[in-house]
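Dear colleague,

Please find below the sequence and structure that I am handing over to you. My notes on what was found follow directly after it.

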Amino acid sequence: MARNETNPEKIKYSYGLTKQGKFFRKARAIVIKDGKLLAIRIDYNNGKHHYLLPGGGVDDNETIKDAMVRETLEEYNAVVVPTQYLDKQYYNIPLEYNGKKFVSHRIDYYYICEFKNFSNNTEFGIGEEFKKDDRTYTKVELSLEDVLKEKPQNLNSMCERTYKKLVFYMKTLL
């Protein structure tokens with residue numbers, strides 16, 4: 001699955017980072033609760049689907065771990081503690097901002113996180129990023145069997161190496 005970006009604010013932010021020669025850093029939480037991976041399933045109107053791991057952009061004033069905690073709370077209402085670095089993945093996304101084409105250079109940092117509890121916050125997917133007409137978002141818990149059925153590209157557009165590390169980690173929990 002090719003990565004893309006459609007959010008105008010994220011494209012503007014990406015453009016600013018590129019002009020400064022910086023990477024767009026993203027934090028991704030690998031949260032296992034009762035042997036299952038917490039994820040967000042995205043179902044498209046065309047019948048296709050994929051999964052996102054909780055996480056998102058790292059703000060200028062926060063660490064990768066801080067961003068992971070914040071994003072997991074915002075997107076999944078889960079309170080977590082990052083405990084172990086798993087992997088990082090570099091990739092590029094060609095974009096356009098105000099008629100100027102550029103390439104956004106990005107890094108996803110994957111950390112294993114300890115699940116603490118669910119927050120009392122009843123909102124899911126704070127902000128507009130989880131409100132789109134052509135898709136629906138659902139919080140899910142994936143078993144190891146479920147993860148093995150999916151291609152790495154369907155799991156957060158994960159590279160093969162990161163996917164194998166995730167599977168290995170889940171197997172150690174059995």
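The largest nonpolar core of this structure has 20 residues, and those with the most contacts inside it are Ile30, Leu37, Leu142 and Val147. At least two residues of this core are supplied by each of E1, E2, E6, E7, helix H3 (144–149) and helix H4 (160–172). The largest share, five residues, comes from H4. Val147 touches Leu37, Leu142, Leu155, Tyr163, Leu166, Val167 and Met170, leaving aside residues up to four places away in sequence. There is also a second, separate core of 19 residues, which includes Ala27, Val31, Leu38 and Cys113. As general background, nonpolar side chains tend to be buried together in soluble globular proteins.

Please note that this is a predicted model. The protein averages a pLDDT of 89, and 91% of the residues score at least 70. Confidence is highest in strand E1 (residues 24–33), at a mean of 95, and lowest in strand E7 (residues 135–142), at 88.

Helix H1 (residues 8–19) comprises 12 residues and reaches 17 Å from its first C-alpha to its last, close to the 16 Å expected at 1.5 Å a residue. Its buried residues are Ile11, Ser14, Tyr15 and Leu17. Viewed down the axis of H1, these buried residues fall within an arc of 165°, so they line one face of the helix. They pack against E1, E5 and E6. The face of H1 turned away from the buried side carries the exposed residues Glu9 and Lys19.

Helix H2 (residues 64–76) has 13 residues and reaches 17 Å between its first and last C-alpha, close to the 18 Å expected at 1.5 Å a residue. In H2, the buried residues are Ile64, Ala67, Met68, Glu71, Thr72, Glu75 and Tyr76. Seen down the axis of H2, they fall within an arc of 125° and so line one face of the helix. The buried residues of H2 pack against E1, strand E2 (36–44), strand E4 (55–57), strand E5 (78–97), strand E6 (100–118) and E7.

With regard to the strands, E2 and strand E3 (residues 49–52) run antiparallel and are joined by four bridges. Ile42 has His50 in E3 as its bridge partner. Four residues lie between the strands of this hairpin, where Gly47 takes a positive phi near 95°. Ile42 is also touched by Arg135, which contacts Asp43, Tyr44 and Asn45 as well, not counting residues up to four places away in sequence. Arg135 is found in strand E7. Because its relative accessible area is 19%, under the 20% cut-off, Arg135 counts as buried.

Finally, I would draw your attention to some backbone angles. Most residues other than glycine have a negative phi. Asn77, which follows H2, has a positive phi near 60°. Asn98 has a positive phi of about 50° although it is not a glycine, and Asn156 likewise has a positive phi, of about 60°. Are these two asparagines buried or exposed? Asn98, in the loop between E5 and E6, counts as exposed at 64% relative accessibility. Asn156, in the loop between H3 and H4, counts as buried at 3%.

With kind regards

Technical notes
Residues are numbered from 1 along each chain as its sequence is written. This is a predicted model: local features need pLDDT of at least 70, side-chain atom pairs count only at pLDDT 80 or more; totals for chains, interfaces and linings use all residues. Side-chain values use heavy atoms; hydrogens and water are left out. pLDDT is the predictor's confidence in each residue, from 0 to 100. Buried means under 20% relative accessible area, exposed over 50%, partly exposed in between (1.4 Å probe, protein chains only). Contact means heavy atoms within 4.5 Å. The expected span of a helix is 1.5 Å times one less than its number of residues. The arc is that of the directions from the helix axis to the C-beta atoms. A nonpolar core is a set of buried Ala, Val, Leu, Ile, Met, Phe, Trp, Tyr and Cys residues joined through side-chain atoms within 4.5 Å. Two strands pair if DSSP finds at least two bridges between them.
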